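Me: I would like to go through this structure with you. Could we take it step by step?
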Amino acid sequence: MTGERITIEQAAHVARLARLDVTGDELALYTMQLEAVLEYAGQVAAVDTSSVQPTAHATPAENVMRKDEPGECLERDDVLREAPESMDGMFLVPRILGEAP
Amino acid sequence: MAVDASGGSVGYEPVIGLEVHCELATATKLFCSCPNSFGDEPNTNVCPVCLALPGSLPVLNERAVDLAIRVGLALHSDVRQCTFHRKNYFYPDMPKDYQISQYDEPLNAGGWLDLPSGTRVGVTRAHLEEDTGKTVHMGGTGRIHDATFSLVDYNRAGVPLLEIVSEPDIRSPQEAREYVAELRAILVAAGASKARMEEGSMRVDVNISVRPAGSASLATRCEIKNLNSLRSLVRALEYEIARQAEVYRSGGSVVQETRHFDEDTGRTASLRSKEEAHDYRYFEEPDLLRLVPGQERVDAIAAGLPAMPAQRRSEIAALFSSAGAGTGGGAGAGGAREDQIAGLVENGLDGLLLAAVNGGVSPEKALARTANEAASRIDEALALDPESYGRLLVMEEAGKLTATQVKAVLSEMLDEGRGDPAAIAKRLGFETMGAGSINASVEEVVASNAAEWDRYCSGEDKLAQFFIGQVMKATRGKADGKAVVAELQRLRSTR
């Protein structure tokens, strides 16, 4: 990331993907802040990793699996009680504006 | 727009690729131990993991991995080490706001599937992912666009899916249909999925473009999502091919987009609004570790794979040629027979047929009974003991039961899911009627219907039906129709 600058357009794109409604002033501010965050994280790129093996994960383990055996589920009443609204045993959500992925 | 689906695509060739999602037949979900069960009360198979409650962590289901590898091997894929990614999106069918899928490193890479008609269709990949919850849109017409709110059931959220992506090697709606049917047969044979389109455990998305016939270039494609029957698949493709051809013919260009197929009108319509294309921001799932299927494990799974549909079909077809069968079967009958055999294999009922043939039943009779009677109740027939089923058909072959009686006994066996055919026949009062008592009954009926007998003897063969009916009445359906006819003919010849 070092050397690259994040543009206002990129920041606006990220905001849109996150469904954030931001004003022009906010966008300018967040672009700067995002850039600072990326720059900070970018320091890691300065480390010489030529002698380090690439890893897919921080934990040196693989193939962690469980048996295909049913366990306990939550009580539906307990689950739905935590939801803002429910109906007929289902979660009630506001009108969906986007499309299914 | 008006599209003439009949001749509208002349001069154009479709290029079709399919994405098939199937639910794997595990006992539990992909990343948690909630039951994977269709049709339960809403939101009863949910836990902190599949509801995305804070602090919960996914753990991979070993069985789902094995089933996915089985399918990969059956499709000649390269089974390799892989990773899981988060596919981020906003839609309430996943409480996490992302779906765990595989991205650049799928479990099964490459492969192919040979269609019964001979075409080889390339397989790009077959990867693991989790299914989403079910949404029901309320208010308005019940469709999402004018709904006032939606209800969500997360029982299906987290159920293991295998997404099988084909190369764009398919060239007609009929080939697409054939591909899906053959893939379904393979999934069932591998024991990986029930693959029932009507229950949603197998769903098909298509990518389709058209190009001038003979061209080698690829044109802009459209995606049609969630086709839920083979018939819809064919209809949607036929419409879309004609539509795209018409767009080009009138000088326009096809827009890359997702389209929805409307069952009622038989048309496809643009689904995406002008909103930008989806950006799923895939990144590696930090809560899951790399999956590395060892060679030993893959070899063991390969060794346990049962015979695949193509092999089973040809083995059954061989029964007919080796038995010198095919009598009375022209080309048309052969095609119908092939379809019947393919249907049995696709649904895993060919074991019943084989048990009957091994018991001494003719392949024709075994095929007819299995394809017509047993296959009309697939679930129950799958639970039958093939050996008992074989014995039932042997009883018919030996003349101990009439066709009507066999159907009645089979119906009982399917109801109960088990049963000794001889015992059921006895319980239903289908005791064997010996040739002697059949003949005696025929003689009685002949004697008391002299006028009809004269006409039969003077060549009115259709009166045989009358006599069969009379004998059946007298014996309360226990006589074998074929034995009655034989006795009638014998009496006539000795008159």
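Me: Which strand of chain B does β1(A) join, and in what sense do they run?
Reply: This is a predicted model. In it, β1(A) is joined by 2 bridges to strand β2 of chain B, residues 60-61, and the two run parallel.

Me: What stands opposite A:R66 there?
Reply: The residue opposite A:R66 is B:N61, which lies in β2(B).

Me: And which strand of chain B pairs with β3(A)?
Reply: That is strand β10 of chain B, residues 149-153. The pairing with β3(A) is antiparallel and extends over 4 bridges. Within it, A:V93 stands opposite B:S150 of β10(B).

Me: What is the order of strands in the open sheet?
Reply: The sheet has 4 strands in the order β2(A)-β3(A)-β10(B)-β9(B), with antiparallel pairing. Its edge strands are β2 (86-87) of chain A and β9 (134-138) of chain B, each of which pairs on one side only.

Me: Let us turn to the contact as a whole. How many residues does each chain give?
Reply: Chain A contributes 38 residues and chain B contributes 63 residues. About 4,300 Å² is buried between chain A and chain B, and carbon and sulfur atoms give 59% of that area.

Me: How many salt bridges are there between chain A and chain B?
Reply: The count is 2 salt bridges. One of them joins the side chains of A:K67 and B:E62, at 3.1 Å from N to O. Polar contacts between chain A and chain B involve 20 residue pairs, with both residues at pLDDT 80 or more.

Me: Which elements of chain A supply at least two residues to the side that touches chain B?
Reply: They are α1 (8-17), β1 (65-66), α3 (76-81) and β3 (90-94) of chain A. The most comes from β3(A), with 5 residues. By type, the residues on that side of chain A are 19 nonpolar, 7 polar and 12 charged.

Me: Why does B:A52 count as partly exposed?
Reply: Its relative accessibility is 28%, so B:A52 counts as partly exposed; that class lies between the limits of 20% and 50%.

Me: Where is B:N226, and what is its phi?
Reply: B:N226 is in strand β13 of chain B, residues 222-227. Its phi is positive, at about 55°, and B:N226 is not a glycine.

Conventions: Residues are numbered from 1 along each chain as its sequence is written. Chains are lettered from A and ligands numbered from 1 in the order in which they are written. This is a predicted model: local features need pLDDT of at least 70, side-chain atom pairs count only at pLDDT 80 or more; totals for chains, interfaces and linings use all residues. Side-chain values use heavy atoms; hydrogens and water are left out. Contact means heavy atoms within 4.5 Å. Buried area is the accessible area (1.4 Å probe) that two parts lose on being put together, summed over both. A salt bridge is a side-chain nitrogen of Lys or Arg within 4 Å of a carboxyl oxygen of Asp or Glu. A polar contact is a pair of N or O atoms within 3.5 Å; within protein, one must be able to donate a hydrogen and the other to accept it, and residues adjacent in sequence count only if both atoms are side-chain atoms. Ala, Val, Leu, Ile, Met, Phe, Trp, Tyr, Cys and Pro count as nonpolar, Asp, Glu, Lys and Arg as charged, and the others, Gly among them, as polar. Two strands pair if DSSP finds at least two bridges between them. Buried means under 20% relative accessible area, exposed over 50%, partly exposed in between (1.4 Å probe, protein chains only).
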